[in-house]
Amino acid sequence: MKGSSIISWILVITSAISPIYTQYYSKTVPFVSNAEKVTNLHFFFHDTLSGKNPSAVLVAHGNITGNEKSAAPFSSVYAIDDPLTEGPEPTSEVIGNVQGLWVSSSKSMPTLMAFFDFGFTKGEFNGSSISVFSRNPISETERELAVVGGRGKFRMAKGVAKLKTYFLNVTTEDAIVEYNATVIYY
Ligand SMILES: *[C@@H]1O[C@H](CO)[C@@H](O)[C@H](O)[C@H]1NC(C)=O
Ligand SMILES: *[C@@H]1O[C@H](CO)[C@@H](O)[C@H](O)[C@H]1NC(C)=O
Ligand SMILES: *[C@@H]1O[C@H](CO)[C@@H](O)[C@H](O)[C@H]1NC(C)=O
Ligand SMILES: *[C@@H]1O[C@H](CO)[C@@H](O)[C@H](O)[C@H]1NC(C)=O
């Protein structure tokens, strides 16, 4: 008797506090912000496929014959956790890491499709990250990737990252790439 009345009280309380969902969208109002900010980020990206402790690891590839000479023939999918450093040397201070995937996505030009989250671990942007979703035509010495979002301080970010290959080992395809990103956020 007591037990069942407690249960009915719980039911009354939960139904009283559960919100009523009537519509999946809010009223649309103009987006007003006078707080847009811009920050430039400059760092080096170290993508290491070779050696005992690679930061980029092949996880899948199509069954294509004829281009096995390349470390990343068309259709190769790599999972990465690459360090980001202040300067170009691998011993330079680490300021964050990139996690995600890249896919060798072109049947003609060497191109990688990038699905990256750049997370920072130092300074003002420690704990924040930017999202990059873009094609990356790696044979061009200067190229750009789209910044499509962000987390933490970079919430709702948009922008562009300009890239320059600083070092490439054509045998192993290990690379060090200079990034200069312009990020606009609220
Ligand atoms: C890969 O392709 C070759 C040639 O088409 C075929 O003989 C082989 O069975 C395929 N291997 C796999 C694992 O699908
Ligand atoms: C970055 O943030 C983490 C988590 O809040 C903290 O443990 C770490 O000490 C911070 N590092 C720096 C260099 O501020
Ligand atoms: C590229 O990597 C190969 C294999 O590890 C190595 O033998 C060669 O010296 C490297 N080349 C450069 C320019 O670092
Ligand atoms: C990065 O890009 C900005 C904006 O285009 C430019 O002002 C700045 O000099 C660049 N920094 C480096 C280190 O290339």
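The following legends describe close-up views of a predicted model.

**Figure 1. Overall fold of the protein chain.** The secondary structure of the protein chain consists of one helix and nine strands. Read from the N terminus, the order of elements is α-β-β-β-β-β-β-β-β-β. The chain has 186 residues, of which 32% are buried. Of the contacts between residues at least 6 apart in sequence, 48% join residues at least 24 apart. The protein chain has an accessible surface of about 12200 Å², and carbon and sulfur atoms account for 59% of this surface.

**Figure 2. Lys37 and its partners in the chain.** K37 belongs to strand β1, which spans residues 37-47. With neighbours within four places in sequence set aside, the residues in contact with K37 are V183, I184, Y185 and Y186. K37 and Y186 stand 149 residues apart along the chain, yet 5.9 Å separates their C-alpha atoms. The side chain of K37 also comes to 3.3 Å from the backbone oxygen of Y186. Is K37 buried, exposed or partly exposed? The relative accessible area of K37 is 40%, and this residue is therefore partly exposed, since the class lies between the limits of 20% and 50%.

**Figure 3. The aromatic pair of F44 and Y166.** The structure contains 17 aromatic pairs. One of them joins F44 and Y166 in an edge-to-face arrangement, with 5.6 Å from centre to centre and 75 degrees between the planes. This pair links distant parts of the chain, as F44 is in strand β1 and Y166 is in strand β8 (residues 158-168), 122 residues apart. F44 has a relative accessibility of 6% and therefore counts as buried, because buried means under 20%.

**Figure 4. The aromatic pair of F45 and F118.** A pair of aromatic rings is described by the distance of the centres and the angle of the planes. For F45 and F118 the centres are 6.5 Å apart and the planes make an angle of 40 degrees, an aromatic pair that is tilted. Which parts of the chain does this pair tie together? F45 lies in strand β1 and F118 in strand β5 (residues 112-120), so the pair connects parts that are 73 residues apart in sequence. F45 is buried at a relative accessible area of 5%, and F118 is buried at 1%.

**Figure 5. The aromatic cluster.** One aromatic cluster is formed by F43, F45, F116, F118, F120, F125, F154, Y179 and Y185.

**Figure 6. Surroundings of ligand 2.** T121, K122 and N126 are the residues around ligand 2. A polar side-chain atom of N126 is 2.3 Å from an oxygen atom of this ligand. On its own, ligand 2 has 370 Å² of accessible area, and the protein covers 26% of it.

**Figure 7. Surroundings of ligand 4.** Around ligand 4 are the residues N40, H42, K162 and N180. An N or O atom in the side chain of N180 lies 2.4 Å from an oxygen atom of the ligand. Ligand 4 exposes 360 Å² when taken alone, and the protein buries 38% of that area.

Definitions and conventions
Residues numbered from 1 in each chain as written. Chains lettered and ligands numbered in written order. Predicted model: local features only at pLDDT ≥ 70, side-chain atom pairs only at ≥ 80, totals over all residues. Heavy atoms only, no water. Near = heavy atom within 4 Å. Polar contact = N/O pair within 3.5 Å; in protein donor to acceptor, adjacent residues only side chain to side chain. Areas by Shrake-Rupley, 256 points an atom, 1.4 Å probe, with all protein chains shown as cover. Helix = DSSP H or I, 4+ residues; strand = E, 2+ residues; numbered from the N terminus. Buried < 20%, exposed > 50% of the residue type's maximum accessible area, 1.4 Å probe, protein only. Contact = heavy atoms within 4.5 Å. Phe/Tyr/Trp six-rings, centres within 6.5 Å; stacked < 30°, edge-to-face > 60°.
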